[in-house]
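Hello,

Here is the structure I promised to pass on to you. Please open it first, and then read my notes below alongside it.

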Amino acid sequence: MSQNFSVTRELFDDVMVPNYSPGNKIPVKGLGSRVWDQDNREYIDFAGGIAVTSLGHSHPKLVETLQTQGAKIWHLSNVLANEPAIRLAKKLTDSTFAEKVFFSNSGGEANEAALKLARKYASVNFGEDKNEIIAFEQSFHGRTLFTVTVGGQPKYTEGFGPLPQGIKHVKFNDIDSLKNAISDKTCAVIVEPIQGEGGILSPEPGYLKDVKALCKKNNALLIYDEVQTGMGRTGKLYAYMNEGVEPDILTSAKGLGGGFPIGAMLTTNKVSECFHVGTHGSTYGGNPLGAAIAETVLDIVNTEEVLDGVIKKRELFISGINKINDEFKVFKEIRGMGLLIGLQVEDIYKGKAKQFVNAALDLGLMLLIAGPDVVRIAPSLIIPDKDIEEGLLLFKKAIEKVVTA
Ligand SMILES: *Cc1c(COP(=O)(O)O)cnc(C)c1O
């Protein structure tokens, strides 16, 4: 195939809708937690494609599944059932509170399905007036019109009105704020077990239990958005398993496909009964290729070896970061669980988390931010210890550069 142009970062700006501002290098290859750009420069990947490449890049088992399923059959539509989707749904329900699954292609779509299911359930069981959805300030649930409206970050809805109605926002980790807002008009409360995009904020111990109790009292469904916290990210298959407070609906995506786009909404028999043939759907959701890959991800992640590894690797990260911080005093708090790590910058660096991320990228380390004040680390769940150590050396150099600039 010949082409009369070269593929550059500049060309990105020429041909893409300007809603992203990617880094100045274009990666072309990845293996494990290492990535190479167009100039064959090597990077260590602490970003994991935003908590997505849960088994690193080009994991041999995932490549094998992609190739074997790809050569067999990769799309049927939901007019016909397919084996990988049935197997994946069976394994997801066997491993969680859930009894039923709906597959989508993304986290936003999984949440869209969850919110529609909650409205439908309330409408069928309690009447049309029970339609209010309660979400949390700073939360993030996706970019469809419904999910940005439910999300607690007003900048994402600006200019997109009129917006869906019947949505309220309350303060995270403040049970009175929820208590004051919830009523018999509430059909669902949606919460991230750890707020991801909002800055890696964990609930106080016991908070989710109190949230669940308020939901129960008001006949509202509890929806966990585990798009970021799920699939082993916190050291359990799903974050809710750390405290054991079960939801009525749970959404999963990001790490679920290890980089292949797939999402899932999990729920109970009872709640699922309000959906009938034709109530909701997706052309690609649960296609054989995506489902086969997610099944392989699940088979690998849902093992003691990988899940315990997440806890051990967190310790490596935390002790390394603490050492760096003893020297440079740039972070005032280390947050998160497992391999979802948030580093809140000290006040003098407020709004400047991105500077650390940029300096690291220049030195060959991929990091993320979570809002303007938090550096986020969300690597492969099986990142080799050696890559953690080498990456932390680069992180230290990057911090030194920013601090002495
Ligand atoms: C990333 C994310 C989403 C959106 O997922 P997409 O696949 O981008 O649609 C929703 N909820 C949470 C908690 C997320 O982190």
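A polar contact here is a pair of N or O atoms within 3.5 Å; within protein, one must be able to donate a hydrogen and the other to accept it, and residues adjacent in sequence count only if both atoms are side-chain atoms. For G108, the distance from a backbone N or O atom to a ligand oxygen atom is 2.7 Å. K254 uses its side chain instead, with a polar atom 2.6 Å from an oxygen atom of the ligand. Other residues around the ligand include S106, N111, F140, H141, E192 and D225 (near means that a heavy atom of the residue lies within 4 Å of the molecule).

Before you go further, a word on the model: it is predicted, local features need pLDDT of at least 70, side-chain atom pairs count only at pLDDT 80 or more, and totals for chains, interfaces and linings use all residues. Residues are numbered from 1 along each chain as its sequence is written, and side-chain values use heavy atoms, with hydrogens and water left out.

Next, have a look at helix α8, residues 207-217 (helices are DSSP runs of H or I with at least four residues, strands are runs of E with at least two, and both are numbered from the N terminus). Its buried residues are Y207, L208, V211, L214 and C215 (buried means under 20% relative accessible area, exposed over 50%, partly exposed in between, with a 1.4 Å probe and protein chains only). They lie on the same side of α8 because they cover an arc of only 120° around the axis, taken from the directions from the helix axis to the C-beta atoms. On the other side, K209, K216 and K217 are exposed. The cover over the buried residues includes β5, α7, β7 and β8. Just after the helix, N219 takes a positive phi of about 50°.

There is also an open sheet of four strands, antiparallel in its pairing, in the order β11-β12-β15-β14 (two strands pair if DSSP finds at least two bridges between them). Its edge strands are β11 and β14, each pairing on one side only. β12 and β15 pair over four bridges, and I341 stands opposite I377 in β15.

Finally, G351 sits in the loop between β12 and α13.

Enjoy exploring!

Key. Contact = heavy atoms within 4.5 Å.
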